[in-house]
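Take a walk through this structure with me. Keep the sequence at hand as we go.

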Amino acid sequence: MRITAGDVAALERGVALLGSGGGGDTVTAAVLLRQLLSDGRALVVSSTAELAPSARVVPIGVVGATAAFTEKLPGGGEFAAAVAAVERWTGERADALMSIEIGGLNGLLPLVVADQLGLGYVDADLSGRGLPRLDQFSVAATGRGVAPAALAEPGGQVVVLAAGSDAVIERGTRAFLAGSGGWAAFALAPIPAGELAGCTVPGTTSGALELGRRVLAVGESPPRDALETALAGSVLARGRVLEVARHLGPGQHGSPGFGRGSVTLADHRDGGLLRLEMENEYLLALRDGTPVASTPDVLSVLDHRTGVPVSCDAIRTGVEVDVVRLAAAPFWTDPRWLPVVRPRAYGIDCDPVGIG
């Protein structure tokens with residue numbers, strides 16, 4: 001698959017939808033990608049089957065407060081430093097890169113980094129959507145583990161988290177980010193291409209691109225059935241946001257949790273009330289108090305007029321929106337991996353609803 005400048009708008013829309021209200025703002029990464037491709041160039045994205053089984057693939061991305069990424073821009077060497085650090089630690093050279101998370105910012109930026117480092121890029125990721133924690137990655141769910149991992153922050157610090165459980169790596173990363181400006185480039189140990197099928201979510205870049213193309217093709221304020229067809233999903237409600245309530249979520253190990261909240265809107269079709277429970281992403285939808293959709297399915301909120309996804313931190317009262325549901329990546333419907341991303345993984349006492 002080849003990505004050209006003409007594909008950037010569709011890819012940006014697709015990864016924003018898969019962010020499920022999280023994943024960080026895509027605008028900066030889209031600008032960088034357009035600039036890279038502005039001279040008619042194209043980026044080649046390879047499927048896992050196209051790689052030699054022995055090829056080493058390094059998952060990369062931005063971790064931390066992605067909102068800070070647009071305020072504290074990278075110097076340009078952070079990803080190179082993180083990849084080099086994990087190569088030195090493991091003694092293995094990277095042949096290609098892939099994203100840690102297709103949803104949001106990390107669905108675009110690793111493409112730019114792969115070109116800058118002269119490496120290939122693989123059509124797969126570790127999330128299949130937006131996810132808030134490292135211990136929820138597919139490599140963690142399957143038991144491969146997150147460690148070792150390298151972090152490089154804009155001030156020049158580089159840290160390798162050499163060993164530890166996935167929860168320990170998650171806590172260590174958050175501790176590093178607290179003193180480093182809020183975000184860092186992140187790189188995991190190289191994964192042999194022959195093992196990617198068992199520990200990653202395949203086809204996510206190509207899937208996001210196709211999703212974005214279909215959604216952009218229906219235009220602004222499309223009819224309900226046209227939007228559902230484009231999404232290959234469902235519209236849960238169309239209406240005006242009546243209330244947005246925010247609070248701090250439960251923490252772990254003495255540390256504060258992520259921000260939590262709920263969004264309530266009245267459906268114009270029948271007056272029913274839809275409530276969304278959110279953390280970094282939209283996690284659960286209840287209609288008149290009854291759960292109707294949940295993670296790992298992707299819940300997204302779109303501006304009704306423009307169709308642009310509205311993030312959890314940007315949702316406000318009075319906005320006319322469409323609440324939509326997209327089917328989870330097949331990886332997360334596997335009963336072995338589902339517990340990592342079900343509502344109870346976020347502290348919400350509810351079974352998964354309408355998965356797939």
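**One side of a helix**

Start with helix α2, residues 27–37, whose buried residues are Ala 29, Ala 30, Leu 33, Leu 36 and Leu 37. Keep in mind that this is a predicted model. An α-helix has 3.6 residues a turn, so residues three or four places apart point the same way.

What do the buried residues of α2 pack against? Their partners are β1 (2–3), α1 (8–18), β2 (43–46) and α5 (109–117).

Look at the last of these partners. Two packed helices are described by the angle between their axes and the distance between the axes. For α2 and α5, the axes come within 8 Å and cross at roughly 40°. The two helices are therefore oblique to each other. The crossing of α2 past α5 is left-handed. On the α2 side, Ala 29, Leu 32, Leu 33 and Leu 36 make the contact.

Now move to the loops. Ser 20 is found in the loop between α1 and α2. Its phi is positive, about 55°, although Ser 20 is not a glycine. Is Ser 20 buried or exposed? Ser 20 has a relative accessible area of 0%, so it counts as buried.

Ala 232 also has a positive phi, near 55°, and is a residue other than glycine. Ala 232 lies in the loop between α9 (224–231) and β12 (234–248). With a relative accessible area of 57%, Ala 232 is exposed.

Next come two cis peptide bonds. One joins Ala 147 and Pro 148, with omega about -5°. Pro 148 lies in the loop between α6 (138–141) and β7 (149–152). Another joins Thr 295 and Pro 296, with omega about 15°. Pro 296 is in the loop between β16 (290–294) and β17 (298–303).

**A cluster of rings**

Finish with the aromatic rings. How many aromatic pairs are there? The count comes to two. The rings of Phe 331 and Trp 332 have centres 4.8 Å apart and planes at 85°, so this pair is edge-to-face. Phe 331 and Trp 337 form a stacked pair, 5.8 Å centre to centre with 15° between the planes. Together, ring pairs link Phe 331, Trp 332 and Trp 337 into a cluster.

Phe 331 is buried at 12%, Trp 332 is buried at 0%, and Trp 337 is buried at 13%.

How values were computed:
Residues are numbered from 1 along each chain as its sequence is written. This is a predicted model: local features need pLDDT of at least 70, side-chain atom pairs count only at pLDDT 80 or more; totals for chains, interfaces and linings use all residues. Side-chain values use heavy atoms; hydrogens and water are left out. Rings of Phe, Tyr and Trp (its six-membered ring) pair if their centres lie within 6.5 Å; planes under 30 degrees apart count as stacked, over 60 as edge-to-face and the rest as tilted. Buried means under 20% relative accessible area, exposed over 50%, partly exposed in between (1.4 Å probe, protein chains only). Helices (H or I, at least four residues) and strands (E, at least two) are DSSP runs, numbered from the N terminus. Contact means heavy atoms within 4.5 Å. Axes are lines fitted to C-alpha atoms, for helices over the stretch in contact, and angles run from 0 to 180 degrees between N-to-C directions. Angles under 35 degrees count as roughly parallel, over 145 as roughly antiparallel, 65 to 115 as roughly perpendicular and the rest as oblique. A crossing is left-handed if the near helix is turned anticlockwise from the far one by less than a right angle, and right-handed if clockwise.
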